[in-house]
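Here's a quick briefing to read with the model open beside you. Take it topic by topic and click along as you go.

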Amino acid sequence: ALTDPLVRCMEREVAHGASLLRLVVEDLNAVAAFCRGDAKPTNELRALVDDFQRMRTPRPWSRGYEAPPSCQVIDAWMHDLRARLLQLQELHQLMTTEPRELPRSDFWMGGLFHPGAFITATRQFSAQTLGVALDELVLAVALDMDGGASGRPASDGTSDQRVEFRVKGLAIEGATCQAGDLVVSDSSQIRVPAATFYWTTLQALESTGATSSAAATSSGRELLEMPLYLNDSRTDMLAVVELPRSADVRAASFYQRAAALIAWNGEPEAM
């Protein structure tokens, strides 16, 4: 397990979460002692009290990770942190008891402290599993808009051509998915209950009946490159992913609407 990129990534996530939790608990205990009169005021304590009175997340806390714009208020930030830590608690338990089951987990990617590192780890894991070079792999996504079985990988999520990972808590903007294909949408944001992220080679991806936007196949499906952002502020792009679209819909229609996937859909995932 020590050589498993995915396990190493999750171990770093757990360590980061534990460190941030210690900081929050220590600061809360210090403020409580100050309010009881058991601690002398310091500049740090005064700053914490001022932040709490103004319902702001203290800067030392917010430096722990990039929170979505909607979580700048302290109570929303605390709710978001709790959901992140609960996910890590479950993943840590799984790593301790059944580390080989980790790739089959449902990952709330937007709720990881370092989602970009998670994507890198899945790529490394997939390259090892498939026996190919890292630069041969592309990241594709299958969306499951109804949260049913269609968005979940079959068997253990691996084959001789692809390695799959289940991801939840996404949103899509400027588009939606119908019968497995992207179509344009005027909705500002639509939640995606479940999705399958999979690493594969471009050759294997095109053999499934989809091809680049330069030419359509007889199946009438093409691939669309879509940016994946951390949250709806769109300040941090995590990756560019491939999604199937109907050849009847021009790629330009999606780009005109700035269509994109969002890793954090606006509400912390219930664990």
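What follows is a short tour of some helices, strands, loops and cysteines.

Keep in mind that this is a predicted model, where local features need pLDDT of at least 70, side-chain atom pairs count only at pLDDT 80 or more, and totals for chains, interfaces and linings use all residues. Residues are numbered from 1 along each chain as its sequence is written, and side-chain values use heavy atoms, with hydrogens and water left out.

- E13 sits in helix α1, which spans residues 5-36; helices here are DSSP runs of H or I with at least four residues, strands are E runs of at least two, and both are numbered from the N terminus.
- E13 counts as buried because its relative accessibility is 2%, where buried means under 20% relative accessible area, exposed means over 50%, and partly exposed is in between (1.4 Å probe, protein chains only).
- Leaving out residues up to four places away in sequence, E13 touches L88, L112, F113 and H114, with contact meaning heavy atoms within 4.5 Å.
- The E13 side chain also reaches the backbone nitrogen of F113 at 2.7 Å.
- E13 and A117 are 104 residues apart in sequence, yet their C-alpha atoms are 9.5 Å apart in space.

- K40 lies in the loop between α1 and α2, and K40 counts as exposed because its relative accessibility is 72%.
- K40 and A30 are ten residues apart along the chain, with 9.8 Å between their C-alpha atoms.
- In α2 (residues 43-53), the buried residues are L45, L48, V49 and D51.
- These residues are on the same side of α2 because they cover an arc of only 160 degrees around the axis, the arc being that of the directions from the helix axis to the C-beta atoms.
- As background, an α-helix has 3.6 residues a turn, so residues three or four places apart point the same way.
- The buried residues of α2 pack against α1 and α3 (59-62).
- Look at the face of α2 turned away from its buried side and you'll find the exposed residues N43 and Q53.
- After α2 comes M55, with a positive phi near 60 degrees.

**Strands and their loops**

- A179 isn't a glycine, but its phi is positive, near 55 degrees.
- You'll find A179 in the loop between β4 (175-178) and β5 (181-184), and A179 is exposed because its relative accessible area is 84%.
- R234 is another non-glycine residue with a positive phi, about 60 degrees.
- R234 belongs to the loop between β8 (221-229) and β9 (237-246), and R234 is partly exposed because its relative accessible area is 27%.
- β8 and β9 pair in the antiparallel sense over nine bridges; two strands pair if DSSP finds at least two bridges between them.
- Across that pairing, E222 stands opposite R245 in β9.
- β9 is mostly covered, with eight of its ten residues buried.

**Cysteines**

- A disulfide is a covalent bond between the sulfur atoms of two cysteines.
- Counting a disulfide as a pair of cysteine sulfur atoms within 2.5 Å, the model comes to zero disulfides.
- C9 counts as buried, with 2% relative accessibility, whereas C35 is exposed, with a relative accessible area of 60%.

Conventions. Polar contact = N/O pair within 3.5 Å; in protein donor to acceptor, adjacent residues only side chain to side chain.
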